[in-house]
Structures are given as C-alpha cells and as structure tokens.
Amino acid sequence: MGMLPSEIVTNILVRLPIKSIIICTSVSKAWKSLIQNPTFISTHLHHSHNKNLLFFNLCSENQEEFYALHNDDDEPDFTQHTSFDYPSHVPDPDAKFCVVGTCNGLLLSLSNNLTMDTSRLCLWNPSVRKLVNLPPTHFSSDECIGFGFDPKTNDYKVVRVIKLMERLDFQIYSLSTGDQWRMLRVDLAPICAFCHHEPHAFINGALHWVASRLTDNEFLYFILVFDLGDEVFRHEILPPEPIGHTGMMSAFVSVYKDSIALIQKDYNCKLHIWVMKEYGVESSWTKVLSLNISNQGFFDLEDIPRVIGFRRNGEVLLKLDGGQLVSQDFESKEIKDLGIIGYKNTFVDPYVESLVLLDKASNGVVTY
C-alpha cells in the first residue's frame, strides 16, 4: 500500500479489527504515525466492527473482579466475545480495583481499598493495553463519580462529586490536558443532594443523576444534568407518579437506547421502570414495567431483583436471586436467561472496542 494515497490507506485501515491495526503500527513509521493520529483514532471509533457489545463486570470464585464482553445482537445464544482481567501488576499489585464506568472503549476503574489515604483512579483501554493514572486524590465515602466524553472539545472527563456540610463540590479531570483536578466554580454548583451509591447515566454529552432538595419540609426530586462541554447544570423533571415513603425515594437513572430510564423502588416492594421516549421531552416519560418483589422470601438485600442495565433492543437486564442475569421484554414480558452469574456490583454498559489512548505516551501513561 506504499504507492496508495493516504486517504485510501486510511479508508482500508479503519475497517480492520483492532488487533490487526495494532500489528500494522509495526509495518512502517508512516503507518504508525497515521494510526496514532487522533483523527485516525476518532475515525476508527465511528467505523468500529464491534458496536453491538455489552460490557459486564463480574466476580470470580476468589472474589476478584473480571470483565466480559458479549455480543448483544447474537440471538439467542448471547455469545461471549472476550473476557479479561484488570492488569493487576500495574499500578499497584496490592490494591483491588473495580470498574465504575465505561465510554467509547475506555474503562474508569477505582481502587476499592478504603483504608488508603488516597483513592486511585485509572482510565484503561484493554484493547490497546494502556492505562492512565489520574492524579491522586483524597478519598471520601460520600463522593460519587461520573465519566463521559465531551464531543465539543473531543475530550474525556471524569467528574467527582463530593458532599460537604451544606453543598456539593465538583472536581473535574480532563484527559486532554492531564493536569490536576480542578474545582468547578462554587457559584455554579447546585444546592442539592444525591445518593453516592447510585450510578450515573452518560448520554448526549452529559452526566445524569437523580437528585433532591428539601423544600417546605418536603423532598423535591429531579434529574440533575451536567453538560460536559459547557460545564453547566440543568434539571429534568421526573415522571409525576414516583414517590416513596414520607416523601423519600430510592431511584437512579440509566441509559436506555438514545435516551434515559428511571428505575424506582418503592416501599411497597415494587420496582418501577420509566423511560423517556424522546430525550429531553419531559412529557414523553412512560412507565414500561412494574415488578412485584414482595413475598419472595428474600433475607439478603443482595438477593432482591435489581436492574443492572438495558440491551440495545430495549430489554431490561436484571440480576435475580443468586446472581442469575436475565433480560425481559417490556411488551411480551418474556424472560431470557443469559447464562451469566453476576454479583453485588455487577452493571452492564454498551461497549465498543476502540483505539482511544493509543496516541498517549506522557507521564502517567502505562503500557502493559
């Protein structure tokens, strides 16, 4: 291909599987430079072969977290595409890590060793065998973490939300600069609260959480949206029906197709799922499923059915008693056993294999 125009070479390479592209970096300096160019990496992301994968974080018999990618469009077998472990020899062989978010083939992992004075966060791409150590930061049990891609600046950002006495502090890390954490201006941070145990949803360049504020001695719930590009907040109204005991609600948001879903557990032992049929249109909230989880003989909270995500076709993914993972269709109510056993921290995210991080070689970047 030495005599071919660079446009044609690019057009051929972006259609190759990841492993073949990595091998091509050894063909010549010109090819290596082309493949490691940020423009090529971005172009490849939009041409990726494996766009219909689902990421699962699972747990081995020795209580070590491992990861599996399954073909979401492979019916009825739901075959496994690949599985892999965290590279335990980097950066700290004694620390245990768990994945808390995914985006464009990048995994955000967090040290779960609560005895450490600082928490360790890494951005990791198993496809290119590279990870970036984020700047050390003091760990707080009251904080939560969001992670996503800012299409306006072509940048990946990690957001830490730290609960203080009367307000929330927001710290932002930008992969493009690799600098220290920076604080969001105090006057921009909303006055509200949300549970740090519940996950975030990233879609359309923004992070989403269920939040609340106390108004006239009543809890007002809403979806707090943080735009990663403009770094500003906005609110989305929840469906009119969800409410919990004495005004308190247990709920979180998840990505559903090209929009979001609200998952709420009430005090009558029912699990309700709402979807926003059209993203950003509050009148499009629609209840799609209610599950009765009472009288099931659950003695351990971990055995109660839990929503862990959604398939691309809209089916909800549930972890049942004993860790069994199933999917359920909203209309037919048909339940499919996925043949996978999850654990208490299992979640599911859409996944795409990518070359993100391949062009990174500065301090803090580890190749293994």
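Select L4, I8 and I12: together they form a nonpolar patch on the surface with about 220 Å² of accessible area. Patch members have over 30% relative accessible area and no salt bridge, with nonpolar side chains (Val, Leu, Ile, Met, Phe, Trp, Tyr) joined within 5 Å and like charges within 9 Å. A salt bridge is a side-chain nitrogen of Lys or Arg within 4 Å of a carboxyl oxygen of Asp or Glu. Areas come from the Shrake-Rupley method with a 1.4 Å probe, and for residues only the protein chains shown count as cover.

This is a predicted model, in which local features need pLDDT of at least 70 and side-chain atom pairs count only at pLDDT 80 or more, while totals for chains, interfaces and linings use all residues. Residues are numbered from 1 along each chain as its sequence is written, and side-chain values use heavy atoms, leaving out hydrogens and water.

Stay on I12, which lies in helix α1 (residues 6–13). Helices (H or I, at least four residues) and strands (E, at least two) are DSSP runs numbered from the N terminus. I12 is partly exposed at 35% relative accessible area, that is, between buried (under 20%) and exposed (over 50%).

Next, select C98 and C103. C98 is buried at 14%, and C103 is buried at 7%. The whole structure has zero disulfides (cysteine sulfur pairs within 2.5 Å).

Finish at strand β18 (residues 250–256), where five of the seven residues are buried. Strand β19 (residues 259–265) pairs with β18 in the antiparallel sense over seven bridges; pairing requires at least two DSSP bridges. Select F252 to find its bridge partner, I263 in β19. In this hairpin, with two residues between the strands, K257 takes a positive phi near 50°.

Conventions. Buried means under 20% relative accessible area, exposed over 50%, partly exposed in between (1.4 Å probe, protein chains only).
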